[in-house]
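Please look over the structure below with the following notes beside you. They take up a few places in turn, and each point can be checked against the coordinates as you read.

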Amino acid sequence: MTANKDIPTKELVTPVGISLIILGIYVCWAIFPLGQRASLFMLISLSASAVYALRNVKEKFPIILFLLFGLFFTLAIGTPDWDARSIWLFHAKRIFYENSLYAQLDGYASFSHNDYPVIFSMLAATLAKAVGHWNEVFPKTIVNFFLLPPLLVFATLSKRKILTLLYIFGIGIICRNYLFNGYQDALVAVYACSIVLMLMYLDALKFDDFIYRIYSILLLFSFSSILIALKNEGLAITVILLPLALFLQKGIPKSVIFIALVASLLLYFTIWKWPVIQANISNDLMTAGLGNRAIKRLGSLNDIILILTYFIKYCGIYVGLLALNFFRKMVSWMDMRLLITFLFIYVGILFIIYLGTPSNLEWHLGTSFKRAILPINVTILGVILYTFRSR
Amino acid sequence: MKNKPVLDIFLIALILIGIFEYFKIGRSLVSVTLSKNFIHVSPFQKDAGTIDSLPNEVISAKHIIDRNQLKVYALTDFFLNDTYIYQRMIEFSYPVRVGQSNHYIGSVNGDLARRCTLIDRENRVALYDCK
């Protein structure tokens, strides 16, 4: 294998840097509580790196406009949405007041799903620490820091401003309010899309250089670690995508993917999952009988049709777009093998989870399906646009 | 190259649709707030966004908790039976917690009004001491 020198290596250093700073703050919180000065210092570092990443205004104007929109709407309106208040920002409030990343592990207010990971809540609490108090508006603005690295990755890999602009419009149409209302689902979707694009990009790169290997490990590790720490779906996506890439993306050395996967899982288990297990806090969906309920519902044609209807309603158009691209021979199986395999496995897992839900199926689908399917829709959009980069 | 003008028109149309969609997202984000409006104070002010994010009962209850410097309080069925109000109450009153206490927060017209001593009230919400 020979190293391809015509790669946007330098440009990808900034998203990796920003992601590593976020992970650094997360690790700091796991070790000791951050005071006001430390929080301020961390956020200034993060802001400085964000400004540095966007210094080329002419090239980055789609991202700048998007983030200005995000900053305005996260700072100019309150936070009324259910999960944002009951889960993510409540966890942030608890971290802020209790001075501990593990505040929610005392089990208080079990409706807030105390097992859910806290990287978003952690950064919102850091902002509140820096400001000196909590309120119902500014903590959710932290979402803009999380959105920046995946958008920079797309802008760098797609190489064309128009594609970045279309991607940003696309994620707006797909994710709508979930981008800025304090929910995590849009973040999970853009991070999942970024990891798929990185794996496609690294696969085509064919490198043999030690520096590129380290760099690729950092790239995959930083994004996977954030994705896992955002929401439980992020863990599912990571443990589907990276092992799949071991078999499908032959251009990437197996050691790169393996090390990135093991390191991000280790970080997750050490900082979050192990303390959750120690605190004896379980996941609401993983109650006993998931398998039995799933098997029971498999016998109910109405339930299966109901789930399929939701799939067609919420992701049919994007799957259709992908099929159209195949039909027009605009993309090949080699380009899309990772996406399609991921799509089948992720959809299969969602299907089983909905079949086995302990809640009323219609209620569960109605309240969560359009959010759970976002990673599929955003990733299809991102990959299709990415394939247009050299046309 | 002969397709270029068509492609340009297509791209301009896509960009206009995108801008329109973001306009709709902005409008939708504002419309789901309880005030259906932007906040009228600095986003970093201590009570910013409260009336835009929370129902009046919960805000009144929080005022009562603060005025009476409660550390822990109990809720009556008025709050317990409504999941939305209950969850808003727990997260907004934090770090003050719901738990075992003589101090009950409920409706001014609830059955506690007959059995317990009224300590404080604001709008439809009251604090009772039920020893």
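1. Let us begin with a single residue of this predicted model. Ala109(A) counts as buried because 21 C-beta neighbours lie inside 10 Å of it, and the cut-off for calling a residue buried is 20 or more. This alanine sits in the loop between helix H4 (82-98) and H5 of chain A.

2. Where in chain A is confidence lowest, and where is it highest? The lowest mean, 78, belongs to helix H12 (residues 290-298) of chain A, while the highest, 98, belongs to helix H5 (residues 119-131) of chain A. For chain A as a whole the average pLDDT is 92, and 96% of the residues score at least 70.

3. A second residue with a positive phi is found in chain B: Asn123(B), which is not a glycine either, has a phi of about 50°. Asn123(B) lies in the loop between strand S4 (117-122) and strand S5 (125-129) of chain B. Is Asn123(B) buried, exposed or partly exposed? It counts as partly exposed, because it has 13 C-beta neighbours inside 10 Å, and that class covers the values between the limit for exposed, 12 or fewer, and the limit for buried, 20 or more.

4. If its neighbours within four places in sequence are left aside, Asn123(B) is in contact with Asn56(B) and Ser60(B).

5. Finally, consider how the two chains meet: 33 residues of chain B are in contact with 34 residues of chain A. On the side of chain B that touches chain A, at least two residues each are supplied by helix H1 (4-31), helix H2 (50-53) and helix H5 (83-93) of chain B. The largest share of that side, 11 residues, comes from H1(B). Sorted by class, the side of chain B that touches chain A has 17 nonpolar, nine polar and seven charged residues.

Definitions and conventions. Residues are numbered from 1 along each chain as its sequence is written. Chains are lettered from A and ligands numbered from 1 in the order in which they are written. This is a predicted model: local features need pLDDT of at least 70, side-chain atom pairs count only at pLDDT 80 or more; totals for chains, interfaces and linings use all residues. pLDDT is the predictor's confidence in each residue, from 0 to 100. Helices (H or I, at least four residues) and strands (E, at least two) are DSSP runs, numbered from the N terminus. Two residues are in contact if their C-beta atoms, placed from the backbone, lie within 7 Å. Ala, Val, Leu, Ile, Met, Phe, Trp, Tyr, Cys and Pro count as nonpolar, Asp, Glu, Lys and Arg as charged, and the others, Gly among them, as polar.
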